[in-house]
Amino acid sequence: MLRNREFRRFALIFFLLSIILISIGFSQSSAAGELVLVTVLIFGGLFLVFTWTRYQRLAQLADQIDLVLHNDDHLFIGELDEGELSILQSEIAKMTLRIREQNAALQKEKENLADSLADIAHQLRTPLTSANLILSLTAEGTDEKERKMNLREIEALLLRMDHLITALLKLSRLDADVVQFQNEPIGVAELMETSLRPFLVTLDLHDIQIENHLSSEITIQGDSIWLSEALQNILKNAIESIGEQGTISIDGRDNPLFTELTIHDSGKGFEPTELHHLFDRFYRGKNGSKAGFGIGMALSQSIIKRQGGTITAKNHPEGGALFVIRFPK
């Protein structure tokens, strides 16, 4: 208590006033002086008791806060009577809960980062090992045809690594929230045509038909370049799931609440256990491409969510996979 300058000031003023009042009382009569003295002692004693009790409770709160700063997982602050200390206790409890939530989130992010780095190292190590092996065989070989074939294989491996690094850079930019999305009206039909363009040759070679039922009147707000990237990953997943001879059906609807885009393929669909992990990074499903890295779906989800949309995946009642994308209005 004595470390508190305000308390020392109050005690000094109280002491001086007490001396003055007691002196005035005794100057009137002995009884008056004694009455003033007893009154001063009673009120002074009560003030000291209540103040000491208050400081004890403040000291307990200070100890509890110190435990929070030292990451104590068993923090408990007892209930106090209504008043300022009770309000303070409530605010400390809220602060403690928020700190714990933030610590848990940071710990989870740290674990996810470690897992991601391990996955990245694994994904890069495989093509690098293959490239080194092919280079060794090329250096030892003398056949020109075999040398050219090995060089083409190395080029393909380098392209895979370049694709992985590019996708990871995009994901990291999205995670860091440094991407400035454009917010402009986009025709959904035109956006889908742009997204399908890189796959036209593949679709023709594998005899996959596109049934596009999108109306030219349906529009959304967003960034066409990034949304096209998201749709291309979904379409790529659909094409790989179908393999040969199939259909990709694309529909859309518009209502006062949201604009919805659905992509349904005639492939094998998803295993029930895969649906909860489909958008996890580096997750490759049972029917997924063995040449993929498992980050396309994660990238698509991140792009769509950053622009206010949602994406879900499920098995269509008639077979195949169904992706549902919604943009609220």
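Which residues does I248 touch, not counting residues up to four places away in sequence? I248 touches I208, Q209, I210, E211, L235, A238, I239, I242, I263, H264 and D265, where contact means heavy atoms within 4.5 Å.

Before going on, some ground rules. This is a predicted model, in which local features need pLDDT of at least 70 and side-chain atom pairs count only at pLDDT 80 or more, while totals for chains, interfaces and linings use all residues. Residues are numbered from 1 along each chain as its sequence is written, and side-chain values use heavy atoms, with hydrogens and water left out.

Now the core. A nonpolar core here is a set of buried Ala, Val, Leu, Ile, Met, Phe, Trp, Tyr and Cys residues joined through side-chain atoms within 4.5 Å; buried means under 20% relative accessible area, exposed over 50%, and partly exposed in between, with a 1.4 Å probe and protein chains only.

Which residues does I248 touch, not counting residues up to four places away in sequence? I248 touches I208, Q209, I210, E211, L235, A238, I239, I242, I263, H264 and D265, where contact means heavy atoms within 4.5 Å.

Some ground rules. This is a predicted model, in which local features need pLDDT of at least 70 and side-chain atom pairs count only at pLDDT 80 or more, while totals for chains, interfaces and linings use all residues. Residues are numbered from 1 along each chain as its sequence is written, and side-chain values use heavy atoms, with hydrogens and water left out.

Now the core, meaning a set of buried Ala, Val, Leu, Ile, Met, Phe, Trp, Tyr and Cys residues joined through side-chain atoms within 4.5 Å. Buried is under 20% relative accessible area, exposed is over 50%, and partly exposed is in between (1.4 Å probe, protein chains only). In the largest nonpolar core, of 46 residues, those touching the most other members are M192, L227, I248, L261, I263, F323 and I325. Elements giving two or more residues to this core include α4 (144–175), β4 (246–254) and β7 (321–328). Helices (H or I, at least four residues) and strands (E, at least two) are DSSP runs, numbered from the N terminus. The most comes from α7, with nine residues.

Next, α7 itself. The axes of α7 (residues 224–242) and α8 (residues 296–306) come within 9 Å and cross at roughly 145°. Axes are lines fitted to C-alpha atoms, for helices over the stretch in contact, with angles from 0 to 180 degrees between N-to-C directions. On the α7 side, the residues that meet α8 include W226, L227 and I234; on the α8 side, they include M297, L299 and I303.

Last, the aromatic rings. Rings of Phe, Tyr and Trp (its six-membered ring) pair if their centres lie within 6.5 Å; planes under 30 degrees apart are stacked, over 60 edge-to-face, and the rest tilted. The count comes to four aromatic pairs. In one of them, F10 and F47 have ring centres 4.6 Å apart and planes at 40°, so this pair is tilted. F10 sits in helix α1 and F47 in helix α2, 37 residues apart. Both are partly exposed, F10 at 41% and F47 at 33%. With F14, they form one aromatic cluster.

The rings of F270 and F323 have centres 5.9 Å apart and planes at 90°, so that pair is edge-to-face. F270 is buried at 11%, and F323 is buried at 1%.
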